[in-house]
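Biologist: Could you walk me through this one before I set anything up? I'd like to begin with the strands and then move on to the charged pairs.

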Amino acid sequence: MSVERPRTNPESDRRLLGDLLVEAGLTSRSGLMAGLEEQQLRGGRLGFNLMKVGSVIPAAFHLFLQDHAESLTPELVEAMRIAPAVDLIPARLAHHYGMVPVRVQDGVLDLAVATADIARLLPAVQELTGLRVDPVIWPPALIAKALARFYPAEVEAGIVQRPGESLLVLADRSRDLRPLLPAMVREDAPAGDWLRALLAEGIRRGARRIRIEPGGTLVRVTYNGAVVEAAPIDLPAGAYPGVLSLLTGLTGIEARGRVAPREGRMTAVAGGRRIRVSVLVMPGLDGDSCRLDLRGERVAPVGDADLAADLPDLAPVLREWAIARRGLLFLVTPGAGEKAAGVAALLHLLGERLPARLACGDVDPMAGVLTLGRFRDDEETLPLEALVDQALARNPDLIILPESLHPRAVAIAAALGAERPVLAVLSAVDAFEAAEQIARREGRQAWDDAPLLGFVGVRLMERLCGACARPFDLHDLLSPWPAHRRPYPGNYFTSQGCDACRGSGQIRLEPVFEFLPGTWLHLAGREPARAAALRAIAAREGRMTLFHAGLRRAADGTVDVKEPLRLLLHELG
């Protein structure tokens, strides 16, 4: 994001942005001059030109903009937060390139992007919209937040893009989604059909790695480590560009620009089975080739020591909750795996204080709770009110409500919480984001009768592989380190990927937690609480957040250090 006001002169740019970046140590005087020279030649904003000529480290620049955007470009931040011009760009393109059309003014479209590396993007958007495009460098976390809020996550049937986890649904009988055999897919079929067929074939063969390598008129697909050995598959060359584009979009590779190596990940879902797909894109003489590593998810059990470190002030709240036998607690998760881990951890902390547990909805039975049936907001299943009535008829000690699109879901949860303990599931990046959503949507009046205990956030982070771990210097990516995000002392490592981890067929995930008390919703005065402000307060008070919990595990050598960094850079705005 450029932090100067739109269409100002270079001298204003120098005052507002250039000197601040030099003072913060994010660029040198010579780097600033290179950006100003590019701005004089090409026009546009200084931030975009500094990124284009390589005068700033992208990650550090993004963190700087997260901290300073609101004070330096309040009108753009407000437009992004309240009403971006999302009708100008289709959802699939916006998610694929990580871009948001912010506003139109005097025939010029301010377009928020995270990188200046996609050379043909701006002319294409100009052709699509008929407007002159003024690119604005914006932190990926804030772009992801706007995409999640203003665009549908499911860009087409079975293809879901959202912060933290993009999903490709391989098979779902209720929605008539099923993969075909690769030999049965037409050459002109949509890229989603081809990718489903290739992944489903790999799962059927028990493969651990899929290689897609173009060459001449055909693209060779080989399955390595397969239990059922079979010949490679030839993918028509005409189908491969669409498959490659879909992979780079779902894994976030395209939106990050020219980052080496080009790697990302997504999740393939078939019924109740979840396969983590790590994707590496490599250049070649005949075009980019892909390596897909398929690994089943395995969540590590949560130890008492880790729970005590991540949630030091939650245990007293749960004790009071069990004694009072009323109150509402939100469990904030980005996906189904986190939801099961969070429910299991909370029930472990509760112990036998609330023994007669009852789940209303689709909480994973692995958590050790009773399930009444999968809840969906359509005419084929029971509405939320009917499921709640079924739960109350059993007089439970604890009701667990699933995530719901019901317009009164939060109000129903609050009403129930006024009389009995209620655990409600929400989908959000973290607890702070969920608090902002609730404060904006419901206001304070929703909690007048029901005590709001708070928000428990949970995230699954990939365990470090000791066989291929290499040292990682945080300052190589995030120099200079912002003062309120000081790293934990310790040696940080990242996994390069080897046959012991990426070829093993299993991925070990470590749950990390955070707790945001419900009283924090009132800290913003009369205005709704904002996630960024709440995170700043938590940092000043030394409160454990998902980022700090992950970084603590990384300093201990448990979690790959890129896991909390990915959360910080690409998801927390």
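**Strands and salt bridges**

Modeller: Strand 17 (residues 452–462) pairs with strand 20 in the antiparallel sense over nine bridges, where strands are DSSP runs of E with at least two residues, helices are runs of H or I with at least four, both numbered from the N terminus, and pairing requires at least two DSSP bridges. This is a predicted model, in which local features need pLDDT of at least 70 and side-chain atom pairs count only at pLDDT 80 or more, while totals for chains, interfaces and linings use all residues. Residues are numbered from 1 along each chain as its sequence is written, and side-chain values use heavy atoms, with hydrogens and water left out.

Biologist: Which residue stands opposite Leu-516 in strand 20?

Modeller: That is Phe-455.

Biologist: And in what sense do strand 12 and strand 20 pair?

Modeller: Strand 12 (residues 289–299) pairs with strand 20 in the parallel sense, over four bridges, and Glu-297 stands opposite Ile-507 of strand 20.

Biologist: How many residues of strand 20 are buried?

Modeller: In strand 20 (residues 506–517), 10 of the 12 residues are buried, meaning under 20% relative accessible area, with exposed set at over 50% and partly exposed in between (1.4 Å probe, protein chains only).

Biologist: Switching to charges, what does Arg-463 meet in a salt bridge?

Modeller: The side chain of Arg-463 meets that of Glu-510 at 2.3 Å, N to O, a salt bridge being a side-chain nitrogen of Lys or Arg within 4 Å of a carboxyl oxygen of Asp or Glu. Because Arg-463 lies in the loop between strand 17 and strand 18 (469–471) and Glu-510 in strand 20, the pair ties together parts that are 47 residues apart in sequence.

Biologist: Is Glu-510 buried or exposed?

Modeller: Glu-510 counts as buried, at 6% relative accessibility, whereas Arg-463 is partly exposed at 36%.

Biologist: Last topic, confidence: what does the pLDDT average?

Modeller: The protein averages a pLDDT of 82, and 87% of the residues score at least 70, on the predictor's per-residue confidence scale from 0 to 100.

Biologist: Where does it stay under 50?

Modeller: Residues 1–15 stay under 50, and over residues 362–381 the pLDDT is below 50 as well. Where pLDDT is low, the predicted coordinates should not be read in detail.

Definitions and conventions. Contact means heavy atoms within 4.5 Å.
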